Amino acid sequence: FALTFSGQLVWAPLVEEIREGKLSEREIREKEAVIRRDLERDPHFREVHTLGNGYYRVLYERAGIFTGPRQVTFVRRGSELIVMELRTTGEVHIRSSSTGALAEHMERLAAMGVHSRGKLRVITDVPVISQNAHAHQRGLPGFPNFHIFDWTLESYETPAPRMVLKLH
C-alpha cells in the first residue's frame, strides 16, 4: 500500500480558542509549535508548515506491505481521517472515519470557517467488493488492470468514502 496526503490540516480546538479571543499571540504561537512538533514526531510527515490560526500545510507519505491483520491510520488513532484495515478475512477496508464523526459538529465548524474539502483517490488492481466512489475509471498507461476510484469531498455532509477490497 501507499498513502499520500498533500494539503492542509486544521486543529479545530485551536481555531475555536483563537476565534473566541481566549489566547494571546504568544499563546497561539506556543500552541501551534506544540502541534507542529507532535505531527513531526511521525516520520511519515515529510513536511509540516505552520500557516497560522491553527492551520498547517503538510505532506504525508507512507508505504508498506500488509502482513497479517493490520490497521493504517492517517492522521492517527483518535484523529482519523483515513483508515486502511486488513482483516483476517483477507479483506482490506478503507474508510474515512472523521467525516461521520464530525457530522454532529458541522454547524459549529462551519461557523468557525473550518471546512472539509478535497479529493480521495484509490488506485488498485485487486478485486473490489464494494465502494461508494463518485467516479471510477479503468486502466493506467501501461497498467490496464488497474482501477482508479475518486471521491470529491465538498463538505461535512458528503457521505464518508468507503471501500472494501479482496486482497486474498
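These are my notebook entries from a look through this structure.

**Entry 1: the whole protein**

I started by noting that this is a predicted model. I then listed the secondary structure and found four helices and eleven strands. For overall dimensions I took the C-alpha trace, which spans about 55 × 35 × 30 Å along its principal axes. Of the 168 residues, 37% are buried. I also looked up how far apart contacting residues sit in sequence. Among contacts with a separation of 6 or more, 55% are between residues 24 or more positions apart.

**Entry 2: surface and charge**

Next I counted charged side chains: 23 are positive and 21 are negative. The centres of these two sets lie 4 Å apart.

**Entry 3: helices H1 and H2**

I turned to helix H1, residues 12–19, and helix H2, residues 25–40. Their axes are 11 Å apart and the packing angle is about 175 degrees. Angles over 145 degrees count as roughly antiparallel, so that is how H1 and H2 run relative to each other. Which residues make the meeting? From H1 I wrote down Leu14, Glu17 and Ile18, and from H2 Ile28, Lys31, Glu32 and Ile35.

I stayed with H1 to see what it buries. Its buried residues are Ala12, Leu14, Val15, Glu16 and Ile18. They pack against strand E1 (2–10), H2, E3 and helix H4 (106–111). After H1 comes Gly21, with a positive phi near 70 degrees.

**Entry 4: backbone points to check**

Most residues other than glycine have a negative phi, and most peptide bonds are trans. With that in mind I went looking for exceptions.

Asn53 has a positive phi, near 60 degrees, and is not a glycine. Where does Asn53 sit? I found Asn53 in the loop between strand E2 (45–52) and strand E3 (55–63). Its relative accessible area is 43%, so I noted Asn53 as partly exposed.

The peptide bond between Phe74 and Val75 is cis, with omega about 10 degrees. Val75 belongs to strand E4, residues 70–76.

**Entry 5: Ile82**

Is Ile82 buried or exposed? Its relative accessibility is 12%, and buried means under 20%, so Ile82 counts as buried. Ile82 is part of strand E5, residues 79–86. Leaving out residues up to four places away in sequence, I listed its contacts as Leu3, Val72, Thr73, Phe74, Arg95 and Leu120. One of these, Phe74, is a partner in the cis peptide bond from the previous entry.

**Entry 6: Pro69**

My last stop was Pro69, in the loop between E3 and E4. With a relative accessibility of 59%, Pro69 counts as exposed, the cut-off being over 50%. What does Pro69 touch, not counting residues up to four places away in sequence? I found Leu86 and Thr88. I also took the C-alpha distance from Pro69 to Gly90, which is 8.3 Å, for residues 21 apart in sequence.

Key
Residues numbered from 1 in each chain as written. Predicted model: local features only at pLDDT ≥ 70, side-chain atom pairs only at ≥ 80, totals over all residues. Heavy atoms only, no water. Helix = DSSP H or I, 4+ residues; strand = E, 2+ residues; numbered from the N terminus. Buried < 20%, exposed > 50% of the residue type's maximum accessible area, 1.4 Å probe, protein only. Contact = heavy atoms within 4.5 Å. Lys, Arg positive; Asp, Glu negative; His and termini not counted. Charge placed at Lys NZ, Arg CZ, Asp CG, Glu CD. Axes fitted to C-alpha atoms, helices over the stretch in contact; angles between N-to-C directions. Parallel < 35°, antiparallel > 145°, perpendicular 65-115°, else oblique.
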